[in-house]
Amino acid sequence: MCPVRSDPIHRFHPLPLDHFDRLPDSLLLLIFNKIGDVKALGRCCLVSRRFHSLVPQVENVLVRVDCVVSDDDSSPSSSSSDKSCPAGPFSNLLRLVFGGIVKPFQALGQFLGPKRSLLDETLSAPSTSSSVGRAADDDDPEMGQTGVTHHSPTQVLRNFNEIRFLRIELPSGELGIDDGVLLKWRADFGSTLDNCIILGAASVINDVHSQVPEYGNDGFCSNNCITGNGDDNGSIPESFYTNGGLKLRVVWTISSLIAASARHYLLQSIIAEHRTLDTLVLTDADGQGVLRMNREQLEELRVKPLSASSASKRTQVPALNMRLWYAPHLELPNGVVLKGATLVAIRPSEQSASRKEVSDASWLSTAFEEPYGTAAKMLIKRRTYCLEMNSF
């Protein structure tokens with residue numbers, strides 16, 4: 001019998017080296033922190049057990065909410081990340097005022113769940129490409145028709161243990177405004193409102209040269225075309241009080257405060273569960289409103305529970321001192337023109353003696369991104385009008 005000759009083709013060859021195994025955990029965490037988005041991080045968890053064990057240590061997290069639903073809705077009407085619920089922003093505001101939103105984040109599409117999630121399936125299966133593919137295709141009782149699980153951000157974030165910087169983004173702003181109207185707000189909260197800044201304009205004109213002033217027979221402009229560099233003394237014209245201008249600004253102010261206080265109310269459980277938080281931002285894809293809380297404010301809420309409004313599920317707004325600046329026509333350096341430009345700076349009345357004055361230019365001018373930061377700087381150079389508002 002001829003001796004069996006070993007064939008080099010059939011010799012055992014070690015598996016190729018996985019270069020990811022050579023990367024230290026600190027570098028992988030740096031990459032995951034740059035990713036931030038919970039959906040992408042959920043997919044990263046499906047790659048390997050090592051990734052699954054590192055993702056919960058991410059410190060910088062972004063949660064994009066797909067749809068906002070009220071407590072009257074048994075299920076979200078849309079789960080696609082590029083669609084929002086059919087109810088318009090104005091309907092959402094009405095729910096905030098009269099009904100309250102109990103489950104505002106119900107339709108978050110993501111891959112991290114407290115029950116039988118894809119992460120758990122990954123841990124129970126070998127870390128191979130075929131097994132990961134099967135885990136993603138398996139039927140899940142919590143999966144909707146579009147293959148997306150629906151959980152609130154509170155549930156999603158329970159998978160993270162060391163969050164320091166959290167940003168939650170709603171699909172749209174709560175305030176229903178007409179096309180062409182500008183309305184932006186930023187609010188800082190502790191256990192209650194610390195401050196709020198509102199910038200609004202009746203219309204925004206992007207091409208100043210397309211707007212030709214109309215002049216009457218007396219040579220005066222008949223359409224209130226006062227430029228930002230005009231010779232007006234910064235006073236509010238009498239027509240502002242008689243044509244509904246002041247009433248409209250009051251509506252903007254109250255609506256913005258209601259939206260901000262409703263967002264604050266909904267963050268209680270997240271703040272209580274994540275004591276490592278340094279910064280929390282709740283904004284929307286439209287850029288309409290931004291609620292911010294720093295570490296000191298977060299700790300204040302944990303120590304001193306918020307006071308809820310009896311009328312709806314939102315934080316009660318304290319008595320306020322407000323300052324208002326107005327310009328009928330404000331031309332910005334980049335050519336954008338704001339008609340009926342208004343800036344409102346708000347602080348609780350009880351803070352007026354211990355905090356900086358609301359006219360502090362650095363505080364107001366940094367609240368908004370450009371070109372609206374420049375608009376705020378220009379407005380605060382005009383005459384200031386003081387108002388007060390009772391708690392609500």
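In which sense do strand E7 and E11 pair, and over how many bridges? Strand E7 (residues 203–205) pairs with E11 in the antiparallel sense, over three bridges. Before going on, please note that this is a predicted model, in which local features need pLDDT of at least 70 and side-chain atom pairs count only at pLDDT 80 or more, while totals for chains, interfaces and linings use all residues. Residues are numbered from 1 along each chain as its sequence is written, and side-chain values use heavy atoms, leaving out hydrogens and water.

Strands (E, at least two residues) and helices (H or I, at least four) are DSSP runs numbered from the N terminus, and two strands pair if DSSP finds at least two bridges between them.

| Strand | Bridges to E11 | A facing pair |
|---|---|---|
| E6 (residues 193–201) | five bridges | glycine 200 and threonine 342 |
| E7 (residues 203–205) | three bridges | serine 203 and lysine 339 |
| E10 (residues 320–331) | eleven bridges | glutamate 331 and valine 337 |

E10 and E11 form a hairpin with five residues between the strands, where glycine 335 takes a positive phi near 95°. Eleven of the twelve residues of E11 (residues 337–348) are buried, so the strand is largely enclosed by the rest of the structure. Buried means under 20% relative accessible area, with a 1.4 Å probe and protein chains only.

Now for helix H2. Six of the eight residues of H2 (residues 38–45) are buried, so this helix is also largely enclosed by the rest of the structure. Those buried residues are Val38, Lys39, Leu41, Gly42, Cys44 and Cys45. Aspartate 37 caps the N-terminal end of H2, with a side-chain oxygen 3.1 Å from the backbone nitrogen of lysine 39.

Note on methods. Buried means under 20% relative accessible area, exposed over 50%, partly exposed in between (1.4 Å probe, protein chains only). A polar contact is a pair of N or O atoms within 3.5 Å; within protein, one must be able to donate a hydrogen and the other to accept it, and residues adjacent in sequence count only if both atoms are side-chain atoms.
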